[in-house]
Amino acid sequence: MSEVNETHKESNYVTKHRQDFSVVRNPARIAVYDDLKSPPHVITIKPDLTNNYIEKLTSSIYDEIVKKGSKIPYTVIREIAENFIHASFSEIVVSVLDNGNTIRFADQGPGFKNIENSQLPGFTSATEDMKQYIRGVGSGLPTVKDYLNYSDGCLKIENNVDNGAVVTISLIENLKNSSAFSENDQTLSDKKYSQKLKLMNPNLNLRDQQILKLLLEEGALGVSEIAQLINLPLSSTHKSLKDLEQNGLVTKLDNKKRILSNQGYTIISYS
């Protein structure tokens, strides 16, 4: 009889403490910044059924960044939007920054108990009630992290000021070019970026640098034009361009003119 009572008590406890995740009762706000010197345009996502709410939130964010030319995928945004269920969708604020290339997701939930583990596959605090609306297998943030690593972006996870969590994703490779990150973040990123460029840089000689800077300033040029503008023999110009093409810094167009590759542009504009 005692065991029956204990089981009954346990069942009542679970029923009493189960949370209804079928409906989101709090609005979410999306703040879209043109820059940090002027107030943002604010979009409000109204309370709704959970599936509808997550879809509207994700789609609204995605529509705004696409307008600004950002390439952050819909699925990456969706993975983080679903994570708001852990905060019971409490006080959600999403900030769109850096022309849509940086998105900051903030809530006033319980925050992360272990930020490092949250980025590893299989770690999840999702309950069975939550899993009716999200996968809940601990794949969300690891998927986001892998995408950003592959795309030379960054993922930053923090606990909010008093309570809650802040997840920031960015496709900006060097955070020094962003006003949305702290000075410390920018310094660390700049150091890492400089080291990467050093590894990419094939020890350019003065002639190579002259050609790359010329292409940076003038755009596509023919071999004879390059030779004339930097006062270099045609044969030497051909040799330098061949080396630069092999190193992936210059691309030959269909009309035989040369133009900077993305890597060449990055190296010469940063040096």
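Is Phe-89 buried or exposed? Phe-89 is buried, with a relative accessible area of 4%, where buried means under 20%, exposed over 50% and partly exposed in between (1.4 Å probe, protein chains only).

The model is predicted: local features need pLDDT of at least 70, side-chain atom pairs count only at pLDDT 80 or more, and totals for chains, interfaces and linings use all residues. Residues are numbered from 1 along each chain as its sequence is written, and side-chain values use heavy atoms, with hydrogens and water left out.

The structure holds 3 aromatic pairs. Rings of Phe, Tyr and Trp (its six-membered ring) pair if their centres lie within 6.5 Å; planes under 30 degrees apart count as stacked, over 60 as edge-to-face and the rest as tilted. Two of the pairs, including their geometry, are tabulated.

| Pair | Centre to centre | Angle between planes | Class |
|---|---|---|---|
| Tyr-53 and Phe-89 | 5.4 Å | 75° | edge-to-face |
| Tyr-62 and Tyr-74 | 5.7 Å | 85° | edge-to-face |

Tyr-53 lies in helix α2 (residues 50–67) and Phe-89 in the loop between α3 (74–83) and β5 (92–97), so that the pair links distant parts of the chain, 36 residues apart. Helices (H or I, at least four residues) and strands (E, at least two) are DSSP runs, numbered from the N terminus. Tyr-53 is also buried, at 0% relative accessibility.

The other tabulated pair joins helix α2, through Tyr-62, to helix α3, through Tyr-74, 12 residues apart. Tyr-62 is partly exposed at 28% relative accessible area, and Tyr-74 is partly exposed at 26%.

A charge–ring contact is present as well: the charged end of Arg-104 sits over the ring of Phe-181, 5.7 Å from its centre. The criterion is NZ of Lys or CZ of Arg within 6 Å of the ring centre and within 35 degrees of the ring normal.
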